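Me: I have a structure to look through with you. Could we take it topic by topic?

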Amino acid sequence: MPWTDEAWLRSAFAALKQTLDVDARTRNEMVQFLLDEGFWDKDKLTTWESAVAKFNSCMNPNKAEFFKIGELWALMKRFGRHQLFLAMAADLGYEVRRVPTEERREQLLEQLAQANEQHALVLARIAAALEQLNAAPRQQHQVAPGMRAQFSLPEALPGTAVQLMGCP
């Protein structure tokens, strides 16, 4: 006998349904969210109807399409529908409690401070690079008729936009 039984599968599907079985407006917002955030490939889902059909197919346990865990997690977080999470925690023997508001506020403020610090460092690097660029003597280059202008970055700047933003 497998470790899952029919009752377990029914309760798991019921939790998924409680999480994602929403009115048409909210379903459309969920589909748009999955497309906008890159969870679903807009090139493969060429029409709105195909995206909605995929969402509906993922809700049907008899179909071959399923939501990925990242999609479910993002939908639960974005739309505040945590029934699947709560059912999973209960099934695994965990008690769930919300972090008290003040403690959560402190966590978020700390995250905000860290993000501001990182952005300040990136802005300082960009400003320094601009200063170097502005301090360099300006040279006038004439492009001969019929020739194309060619541009290059000064050596002081990183080679890619990702590096310029300070990302690894």
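Me: Which helix gives the most to the lining of the largest pocket?
Reply: Helix α5 gives the most, with five residues. Please note that this is a predicted model.

Me: Which helices each supply at least two residues of that lining?
Reply: They are α4, which covers 69–79, and α5.

Me: How much space lies in the largest pocket?
Reply: The largest pocket holds about 650 Å³ of space. It is lined by 17 residues, and those closest to its centre are Trp73, His82, Phe85, Val96 and Arg98.

Me: And how do the residues of the lining divide into nonpolar, polar and charged?
Reply: Twelve residues of the lining are nonpolar, four are charged and one is polar.

Me: Back to α5. At what angle do α1 and α5 pack?
Reply: Helix α1 (residues 6–20) and helix α5 (residues 83–91) pack at an angle of about 150°, and their axes are 7 Å apart. Because angles over 145 degrees count as roughly antiparallel, α1 is roughly antiparallel to α5.

Me: Which residues make the contact?
Reply: From α1 the contact involves Trp8, Ala12, Ala15, Leu16, Gln18 and Thr19, while α5 contributes Gln83, Leu84, Ala87 and Asp91. Six of the residues in this contact are nonpolar, three are polar and one is charged.

Me: Next pair: how far apart are the axes of α2 and α3?
Reply: The axes of α2 and helix α3 (residues 48–59) are 10 Å apart, with an angle of about 105°. The two helices are therefore roughly perpendicular to each other.

Me: What makes that contact?
Reply: On the α2 side there are Arg27, Asn28, Met30, Val31, Gln32, Leu34 and Leu35; on the α3 side there are Trp48, Ala51, Val52, Phe55 and Asn56. By class, eight are nonpolar, three polar and one charged.

Me: Where is lysine 54?
Reply: Lysine 54 lies in helix α3. Setting aside neighbours within four places in sequence, lysine 54 is in contact with Trp40, Leu45 and Glu65.

Me: How far apart in space are lysine 54 and glutamate 65?
Reply: Their C-alpha atoms are 7.5 Å apart, and the two residues are eleven residues apart in sequence.

How values were computed: Residues are numbered from 1 along each chain as its sequence is written. This is a predicted model: local features need pLDDT of at least 70, side-chain atom pairs count only at pLDDT 80 or more; totals for chains, interfaces and linings use all residues. Side-chain values use heavy atoms; hydrogens and water are left out. Axes are lines fitted to C-alpha atoms, for helices over the stretch in contact, and angles run from 0 to 180 degrees between N-to-C directions. Helices (H or I, at least four residues) and strands (E, at least two) are DSSP runs, numbered from the N terminus. Angles under 35 degrees count as roughly parallel, over 145 as roughly antiparallel, 65 to 115 as roughly perpendicular and the rest as oblique. Contact means heavy atoms within 4.5 Å. Ala, Val, Leu, Ile, Met, Phe, Trp, Tyr, Cys and Pro count as nonpolar, Asp, Glu, Lys and Arg as charged, and the others, Gly among them, as polar. On a 1 Å grid over the protein atoms alone, a cavity is a set of points where a 1.4 Å probe fits but cannot get out, and a pocket is an open set with protein on both sides within 12 Å along at least five of seven lines; lining residues have an atom within 4 Å of a point. Grid points are joined across faces, edges and corners, and a volume is the space filled by probe spheres set on the points.
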